[in-house]
Amino acid sequence: MRIACVGAGPAGLYFAISMKLREPTHEIEIFERNPPGVTFGWGVVFSDLTVDNITRNDPASAKIITSEFAHWDDIDVYFRGETVTSGGHGFIGIGRKRLLEILQERALELGVALHFNAECDPGDPRWRGYDLVIASDGINSRFRDAQPDAFGVDVDVRANKFVWLGTSKVFDAFTFAFEETEHGWIWAHAYRFAPDCSTFIVECSEDTWARFGFDRMSQGESIAACEKLFARYLDGHSLQSNASHLVGSAAWLNFRRIKCERWSSGNVILLGDAAHTAHFSIGSGTKLALEDAIKLADVLNRKSLSLEAALSEYQVERSLEVLKLQNSARNSTEWFETLERYTHFEPLQFAYSLLTRSQRISHENLRLRDREWLETVERWFWKRATNGGSNKTAPPMFAPLKLREMEVENRITVSPMAMYSAVEGTPNDFHFVHYGERAIGGAGLLFTEMTCVSPEGRISLGCTGMWNDEHVAAWKRIVDFVHANSKAKICLQLGHSGGKGSTKLGWEGNDVPLDEGNWPVMAASDVPWSPANQVPRPMTRGDMDMVRDQFVAAVRMGLEAGFDMIELHAAHGYLLSSFLTPLQNRRTDGYGGSLDNRLRYPLEVFAAMRAAWPGDKPMSIRISATDWAGDDGVTPDEAVLIGEAFAREGADLIDVSAGQTWVGQQPVYGRMFQTPFSDRIRNEGRLATMAVGNIYEPDHANSILAAGRADLVALARPHLVDPFWTLRAAAQLDYRDVAIPPQYLNGMAQLARNLKREADATAALRV
Ligand SMILES: Cc1cc2nc3c(=O)[nH]c(=O)nc-3n(C[C@H](O)[C@H](O)[C@H](O)COP(=O)(O)OP(=O)(O)OC[C@H]3O[C@@H](n4cnc5c(N)ncnc54)[C@H](O)[C@@H]3O)c2cc1C
Ligand SMILES: Cc1cc2nc3c(=O)[nH]c(=O)nc-3n(C[C@H](O)[C@H](O)[C@H](O)COP(=O)(O)O)c2cc1C
C-alpha cells in the first residue's frame, strides 16, 4: 500500500513503524510541518499496560524507550500550606522530544520516508494518489476539520485555561501545587521526565486567568508571572515554554475534547488526537495514539479483511477503550473545573478527592498503592465522624453519623423500595420479614417504601399507607422488631403519588393504569404522566390544604409507631415532584413558573411536617436532582438551591436521586451515576447528603464517603437480593465491630475466612 501520514507525532510515527513491521513492502511517507527536533510540550507519562503493548508490538523501540524512562512513585499534593504525600502510584515518563526522536530513528531504519517543514493542505489533489492518508495531525487536525460532517466531529471547549511549560527543577514526586491568590485558585501539575527536566503545566479558571491579566500578557510576561506564583516550588529554577517557535501553537489554551462519530472518510483515516482527545490531567493522550496505531496496523494487514471491513473493525475495537478513557477524563476535567467546590476540605480529604477524581482509582486501589497513607485517611475520617472520639482505622462505611440526636451505626442505608404487597395500605407479614431481615443484615439505616398519606395518594393498590390506626399498629410491630433486634434506625418515607397514581403493581407494568376501578388523580397541573395515564386535576388551594394536613397526620402517626426519622418524597414525578419540575408544573399562579414558586408548596408541606415532628429527630427530603432534560427541566444547579431551601426549613439530609420525572428523560447511566449530584449539593450547598444509584460494591461506598461526595450511601436493588449486604461487606473488609445478631456470629466468622481464602487464591493466580 502507498500511504501518507500527515504529522510526525506519536500517532503518525508509530503507525508507520507498525505497518512496516507487519509488511515491509508498504510505501510510507510522513509529512511534518515542523523542522526535526522541534515539538510542543515536555514530558509524557505512560502506564505499565501501554509499555506491555508497545513491547509486544515493537521490542526494538520499546527497549530504548523503557531504558530512558524516568520512574517515580509518590504524588505530592500541596494545599493550604500542607503537603500530603501518597505513594505506590508507579508512574513512568519520557520527554516528548526524546520519544519522537526514538520513533523517528526507528521509522527511518524501517524504510519510512520522513519529510519535515512540510505543511499539508487537505485540499491538495496529491492526496488522491495515495491508497490511504493517515490524518495523524493532532488535536487541531486540518484534515478532520476539512470534512466535519463526514467525520461527525464533536468539539467541547473546556472551561479552564492551561499552559504547558517545562523547568530544570527536578520534582521527585508527581506534584500538584495549589495556590490561593487574590484572583482565585491557580495550580500546577508537575513531574520529572528526564534526569534534569520536569513538565510544569499551570491551570486555572478562565475568570482567574482574566483577573490575573494573562490575556493581556506576552508569553514572556505570563511565564514570569507563573515563576513568581510558584516560586516556592521552583527553588530558583526558571520556567520555559517551547511553544513560541512552533507553527500554530499558543501559550495559554482551553482544552478541546474531540469526539468523532466516524474515524474514516474516503481514503482519509483519523488517528490519535485527530480522532479523539483525553484531558491532559489523566495523561493518556500518547497512550491512545500509540494503541490506535497498533490496532490500525493490525487490521489493515489482516489478509482476510477488506479495507472497508478493516476500517470498521478499527473503530469498533478502539472506540470502547477510547470511550472509557474519555469518561474518566471528563470526570477529571470536571474536578479541576469545579475545584473551588472542594477547597473547603482539609488537605488530606482534598488529596483523596483529587486522587479519586476520575473514578478509575478507588479506596481499595489506594490501599494497594499505599496502605499506610490510606489508613491515615481512614483514621482521619473516623476521628471526624466521632468528633475526635475514635482513633479507629477502619473503612469509612462503618463510621457512625449523627443527625440531630439520632446516631446511625454505619453509613449504609437500605434505599426506599415499594413492595406493592400491602392490603388497604396495611403492611403485613411480608413487610415484617422484609424490613426485619434487612435490619439484622447490618445496614445502619432503613428507609421504608413510599408510604402514602391517603388512599388516593397511593401509586397502586399494593402501596403501604399511614392514614389509620391499623397502619400505625402494623408499622409499630415492624419498628419495634427493628429496634429490639438490631442497631438499625428506621425512617418512614412519606409520599403522595399525584399524577402517577392509580396504576398497577410494579411487576404488572410500571405506571400502567388499572384495567378497571381507577380513582381520579391530582397533580400540580393537568399534565398526564404519559398518553396512557389519566389527566390529573390541577390542585386547588383546598386540595393543597387537605394534602398538607394528611402529611402532617401521617407524621404524627409515624411518631406513634416509633420511627426514628421521616423522609418526604419529593422526587420521581410524584405529587410534590410535579410542583418542582417545570416539565409537569404549568401553573400560572404563585406555585408555578420560577423556582421559588415551584418550591412554595413542597416547602409548605415540609415545614408543616417538621413542626409536627420532634426537634431532636431528623428529617430528610428526597429530590430528583435533574430531570435529565437539559435546561428544560430541573438542572443540577437548581438542585443545589432546592436542597438549600429544604435545609432552611429544617431538612437534615438531602437524599439525592435523579430523574423519573417525565417519560422523555435521557439519563446517563453508569456506576455511581447519580453521585455527582450529591457531591455538588453537599459541597456547594454545604449540606449533608445521601447518594444513591448503581452503587453496589463496598469499595464504591468507601470511595464516595472518604472523598466527601456524600454522608450516607443508599443501596436499593443490591438489598433486594442480599439483605445482608452490609454484613457481607464487613466480612469482606475484615471489619469485626459491625452489629451482628449474636445468633449469626459463627456464620460471619466463617464467611470472613472463606472470603479471605478466595481473595488469597485469586491474588496467587495473578502472580
Ligand atoms: C498540556 C498537555 C499535557 C499532556 N500530557 C500528556 C501526558 O502526560 N501523557 C500523554 O500520554 N499525553 C499527554 N498529552 C497529550 C499528548 O500530547 C497527545 O495526546 C499526543 O501527542 C497525541 O499524539 P498525536 O500524534 O495524535 O498528535 P500530536 O502529538 O499533536 O502530533 C501531531 C503532529 O502533526 C503535525 N501537524 C499538524 N498539522 C499538520 C499539517 N497540516 N501538516 C503537517 N504536519 C502537521 C504537528 O506539528 C504534530 O507534530 C498532553 C497534552 C497536553 C496539551
Ligand atoms: C423495586 C423498587 C422500588 C422502589 N421504590 C421506591 C420508593 O418507594 N421510593 C423511592 O424514593 N424510591 C424507590 N425506588 C428507587 C430506589 O430507592 C433507588 O433510588 C433506585 O433503585 C436506585 O438505586 P439502586 O441502583 O441501588 O437500585 C425503588 C426502586 C426499586 C428497584
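Student: What does a polar side-chain atom of His569 lie 3.1 Å from?

Tutor: In this predicted model, that side-chain atom of His569 lies 3.1 Å from an oxygen atom of ligand 2. The side chain of Arg622 also has an N or O atom at 3.0 Å from an oxygen atom of ligand 2, and a nitrogen atom of ligand 2 is 2.8 Å from a polar backbone atom of Ala418.

Student: And how much of ligand 2 does the protein bury?

Tutor: The protein buries 83% of the 610 Å² that ligand 2 exposes when taken alone.

Student: Which residues are closest to ligand 2?

Tutor: Ligand 2 is surrounded by 17 residues, and the closest are Ser415, Pro416, Ala418, Asn694 and Arg717. Sorted by class, the shell around ligand 2 holds eight nonpolar, six polar and three charged residues.

Student: OK, switching to ligand 1, how many residues surround that?

Tutor: There are 33 residues around ligand 1, with Ala11, Glu32, Arg96, Asp273 and Thr286 the closest. Taken alone, ligand 1 exposes 980 Å², of which the protein buries 94%.

Student: Which element gives the most to the shell around ligand 1?

Tutor: That is helix 10, which contributes four residues. Helix 1 (10–22), strand 3 (43–46) and strand 10 (153–167) are also among the elements that each supply at least two residues of this shell around ligand 1.

Student: New topic, then: where is Ser281 found, and is it buried or exposed?

Tutor: Ser281 is found in the loop between strand 17 (268–270) and helix 10 (285–300). Ser281 counts as buried because its relative accessible area is 10%, which is under the 20% cut-off.

Student: What is Ser281 in contact with?

Tutor: Apart from its neighbours within four places in sequence, Ser281 is in contact with His189, Ser332, Thr333, Phe336 and Arg357. With Ser332 there is a polar contact of 2.7 Å, which joins the two side chains.

Student: Last one, where does pLDDT stay under 50?

Tutor: It stays under 50 over residues 245–250, for which the model has 11 contacts beyond four places in sequence. For the protein chain, the mean pLDDT is 95, and 99% of its residues reach 70 or more.

Terms used:
Residues are numbered from 1 along each chain as its sequence is written. Chains are lettered from A and ligands numbered from 1 in the order in which they are written. This is a predicted model: local features need pLDDT of at least 70, side-chain atom pairs count only at pLDDT 80 or more; totals for chains, interfaces and linings use all residues. Side-chain values use heavy atoms; hydrogens and water are left out. A residue is near a molecule or strand if one of its heavy atoms lies within 4 Å of it. A polar contact is a pair of N or O atoms within 3.5 Å; within protein, one must be able to donate a hydrogen and the other to accept it, and residues adjacent in sequence count only if both atoms are side-chain atoms. Accessible areas come from the Shrake-Rupley method with a 1.4 Å probe; for residues, only the protein chains shown count as cover. Ala, Val, Leu, Ile, Met, Phe, Trp, Tyr, Cys and Pro count as nonpolar, Asp, Glu, Lys and Arg as charged, and the others, Gly among them, as polar. pLDDT is the predictor's confidence in each residue, from 0 to 100. Contact means heavy atoms within 4.5 Å. Buried means under 20% relative accessible area, exposed over 50%, partly exposed in between (1.4 Å probe, protein chains only).
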